[in-house]
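My notes follow in the order in which I made them.

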Amino acid sequence: MIRALAITLLSAACAAGCGGSKEGGGSGGDGESSRGGDRGLPPGAEPCAVRDVQGTIPGVTISIESSRCVYWRGEPAEFVYTITTDASVPPIEITASDGCGHCVVPSADPRSFVTYQITGLSTAGDPQQYCLCDTGCCAPDDAATVQVDATAATHTISWSGRQWSGPSDTDNPEDEFFAPGTYDVEVTFDGQEQGSVTAKLPIEIVR
């Protein structure tokens with residue numbers, strides 16, 4: 001799916017009026033402070049990154065980095081990803097859709113082909129997820145052929161530490177904080193039939 005422009009718009013709107021992080025949609029009401037930093041850094045909190053991950057589409061690599069990858073439960077975090085594309089990226093064929101579209105018009109900006117999520121299982125085995133998977137119903141996608149620029153494009157994921165699947169059409173609020181466990185910050189460039197690249201940065205939430 002290709003929702004990076006929707007992500008940018010939602011991030012800006014939430015920075016002005018949502019609870020939690022800049023991209024957040026409310027608070028989960030579980031009573032735990034989001035100021036994890038008041039306790040200092042958790043053990044093992046060091047800068048971390050994955051770099052130049054390749055996939056099945058030529059000319060595209062993804063890097064993800066953060067000041068650290070260990071966080072207290074309820075603590076916000078930021079992750080910066082970079083999509084690097086060169087002249088060997090093939091033209092991307094967009095298929096027309098019936099019904100709801102992807103809520104973004106694909107463009108020469110490679111970020112328009114990017115989605116991300118934070119996902120995994122808690123220590124107790126419960127699935128946890130944060131993503132913009134549900135942005136509501138938009139107009140159907142038009143068929144198109146897009147050539148992305150040869151560039152390095154970055155975006156910052158500002159995460160409140162909570163679970164969320166997106167605002168949908170009903171302004172869904174964010175849910176409870178992620179439980180302690182190990183998770184992945186997963187960034188995907190989806191070139192549809194031309195291939196894809198997915199990078200995963202492991203993180204840990206501790207109590």
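**Cysteine links**

I began with cysteine 100, which is partly exposed, with a relative accessible area of 44%. The cut-offs I used are these: buried is under 20% relative accessible area, exposed is over 50%, and partly exposed lies in between, with a 1.4 Å probe and protein chains only. I noted that this is a predicted model, in which local features need pLDDT of at least 70 and side-chain atom pairs count only at pLDDT 80 or more, while totals for chains, interfaces and linings use all residues. Residues are numbered from 1 along each chain as its sequence is written, and side-chain values use heavy atoms, with hydrogens and water left out.

Next I looked up the partner. Cysteine 100 forms a disulfide with cysteine 137, the sulfur atoms being 1.8 Å apart. Here a disulfide is a pair of cysteine sulfur atoms within 2.5 Å. In general, such a link is a covalent bond between the sulfur atoms of two cysteines. I read -100° about the S-S bond of cysteine 100 and cysteine 137, and this link is left-handed. Cysteine 100 lies in the loop between β5 (92-94) and β6 (114-122), and cysteine 137 in the loop between β7 (127-131) and β8 (144-146), so the pair ties together parts that are 37 residues apart in sequence. Strands here are DSSP runs (E, at least two residues), numbered from the N terminus. Cysteine 137 is partly exposed too, at 45% relative accessibility.

How many disulfides does a search of the whole structure find? I got four. With the bonded cysteines of the protein numbered in sequence order, I wrote the pairing down as 1-2, 3-7, 4-8, 5-6.

I then checked cysteine 48, which is joined to cysteine 69 by a disulfide with an S to S distance of 1.8 Å. Cysteine 48 sits in strand β1 and cysteine 69 in the loop between β2 and β3 (70-72), so this pair ties together parts 21 residues apart in sequence. The torsion about their S-S bond is about 75°, so the disulfide is right-handed. Cysteine 48 is buried at 18% relative accessible area, and cysteine 69 is buried at 9%.

I also looked at cysteine 131 and cysteine 133, which form a disulfide with sulfur atoms 1.9 Å apart. Their S-S torsion is about -125°, so the link is left-handed. Is cysteine 131 buried or exposed? I found cysteine 131 buried, with a relative accessible area of 0%, whereas cysteine 133 is partly exposed at 31%.

**Strands**

I turned to the sheet that holds β1. It is an open sheet of four strands in the order β1-β2-β4-β9, with antiparallel pairing. β1 and β9 (151-159) stand at the edges with a single partner strand each, so one side of each has no neighbour in the sheet. The twist averages 15° from one strand to the next; axes are lines fitted to C-alpha atoms, for helices over the stretch in contact, and angles run from 0 to 180 degrees between N-to-C directions.

Two strands pair if DSSP finds at least two bridges between them. I found four bridges joining β1 (residues 48-53) to β2 (residues 60-66), which run antiparallel. Valine 53 has isoleucine 62 in β2 as its bridge partner. β1 and β2 form a hairpin with six residues between them, and glycine 59 in the turn has a positive phi of about 80°.

Last, I followed β2 to β4 (residues 77-85), where the two pair in the antiparallel sense over six bridges. In β4, threonine 82 is the bridge partner of serine 63.
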